[in-house]
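Biologist: Before we begin, could you take me through how features of a model are read, giving the general idea and then the case in hand?

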Amino acid sequence: MSTTVANTGTEVKTWGGGNEPLKASYGKMMMWFFIVSDALTFSGFLAAYGFSRFKFIDAWPIADEVFTHVPFLHGQELPMIYVAFMTFVLIMSSVTMVLAVDAGHHLNKAKVTIYMFLTIIGGLIFVGSQAWEWATFIKGDFGAVQTKGGNILQFVDADGHRVALRDFVVAGEHERVQQERKNGIWFVKEGTLPTYTVEEVIHGLEKHENVLVRTQILNEHGHKTVLSRSESLKQLKANGTHVVEGANLHENEYGSPLFADFFFFITGFHGFHVFSGVIINIIIFFNVILGTYEKRKSYEMVEKVGLYWHFVDLVWVFVFTFFYLV
């Protein structure tokens, strides 16, 4: 009895289906798996942000009033200008990465080196700009008063323009000492004390008749509600608890603290990805200079890190849209 053995021609190939499924190498496939899983993570974060904003849509901070600062141009309100610059730099770094990958396909070491260097510079500018934006957001610019219900009372002039507390409030001598673990209850520690007290804000408001209180509630025209002179004083005296300067995970002078929570978490998570990408790009850049990929006759590592860089660029487009444009 003869035995027939069928030869499929796949015995020596990975997975029995070829060592390059979907015409991609193993390294590229693993990078794509990571990108897909990370994209789902970011999708969950942005979906949570979207649901939260929809729930508190009538009291959500207006991006054009929050992100108005530009380095070296103090005192000028330029909404979204610097954020647009950051976005442009990151997109251009993605372009230089494309050029680096293309030069790698042609085994052009000199061009790969130049374009990788430009990509790294773009990434550093973006990360540095994001750190500056964080510092500005945390520090704040105008100051506000938080009410018993956790709402924020801001101050505007007769034309509706924001007025900083320092423009109409005079700080007195505060006798209260900041409580720390070493001089207070052992498990309690206060944050930095605000510059002004609510009483000083009320006193300043009474002296400046052109200053009004603006709540965080949006009216039918999409603008925050401005109270009359009598209502401003009444609201501040009846409900004002303490002064808020800047934003953190607990308080936010621009409105809902939930906005600050999402801002720090999502932009911080993305910033970590960009920073990691910059570090990886630097490693690949030095390998290019040393001729590692020239000897291999393949710049696939440049292409793989390029996939990651394009991913963080694309994610920023969604973050930019959710936080700054919508």
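Biologist: Which residues is Glu253 in contact with, leaving aside its neighbours within four places in sequence?

Modeller: Contact here means heavy atoms within 4.5 Å, and, leaving aside neighbours within four places in sequence, Glu253 is in contact with Gly140, Asp141, Phe142, Gly143, Ala144, Ile152, Gln154, Arg162, Val244, Glu245 and Gly246. Residues are numbered from 1 along each chain as its sequence is written. The model is predicted, with local features needing pLDDT of at least 70 and side-chain atom pairs pLDDT 80 or more, while totals for chains, interfaces and linings use all residues, and side-chain values use heavy atoms, with hydrogens and water left out.

Biologist: Where is Glu253 found among the elements?

Modeller: Helices (H or I, at least four residues) and strands (E, at least two) are DSSP runs numbered from the N terminus, and Glu253 is found in the loop between β5 (240-244) and α7 (257-290). The protein has nine helices and five strands, and from the N terminus on they run α-α-α-α-β-β-α-β-β-α-β-α-α-α.

Biologist: How should I read the charge on Glu253, and which side chain of opposite charge is nearest?

Modeller: Side chains of opposite charge can pair when their charged atoms come close. Lys and Arg count as positive and Asp and Glu as negative, with His and the chain ends not counted, and a salt bridge is a side-chain nitrogen of Lys or Arg within 4 Å of a carboxyl oxygen of Asp or Glu. Buried means under 20% relative accessible area, exposed over 50%, and partly exposed in between (1.4 Å probe, protein chains only). Glu253 is buried yet has no salt bridge, the nearest side chain of opposite charge, Arg162, being 4.2 Å away. A polar atom of the Glu253 side chain does, however, lie 3.4 Å from the backbone nitrogen of Asp141.

Biologist: How many salt bridges does this rule give?

Modeller: The count comes to five. In one of them Glu303 pairs with Lys28, with the closest N and O atoms 2.9 Å apart. Because Glu303 lies in helix α9 (residues 300-325) and Lys28 in helix α1 (residues 26-55), the pair ties together parts that are 275 residues apart in sequence. Glu303 counts as partly exposed at 21% relative accessibility, whereas Lys28, at 18%, is buried.

Biologist: Which partner does Arg214 have, and is Arg214 buried or exposed?

Modeller: Arg214 forms a salt bridge with Glu65, the closest N and O atoms being 3.0 Å apart. This pair links distant parts of the chain, with Arg214 in strand β3 (residues 212-218) and Glu65 in helix α2 (residues 63-66), 149 residues apart. Arg214 counts as buried at 5% relative accessibility, while Glu65 is partly exposed at 26%. Glu65, Arg214 and Lys224 are linked in a network of salt bridges. Glu206 also forms a salt bridge, with Lys237, at 3.1 Å between the closest N and O atoms, and this pair joins helix α5 (residues 198-207) to helix α6 (residues 229-239), 31 residues apart.

Biologist: Finally, is Val312 buried or exposed?

Modeller: Val312, in helix α9, counts as buried at 1% relative accessibility. Beyond four places in sequence, Val312 is in contact with Leu90, His270, His273 and Val274, and its C-alpha is 9.4 Å from that of Ala39, 273 residues away in sequence. For the protein as a whole, 41% of the 326 residues count as buried, and residues 24 or more positions apart account for 69% of the contacts with a separation of 6 or more.

Technical notes:
A polar contact is a pair of N or O atoms within 3.5 Å; within protein, one must be able to donate a hydrogen and the other to accept it, and residues adjacent in sequence count only if both atoms are side-chain atoms.
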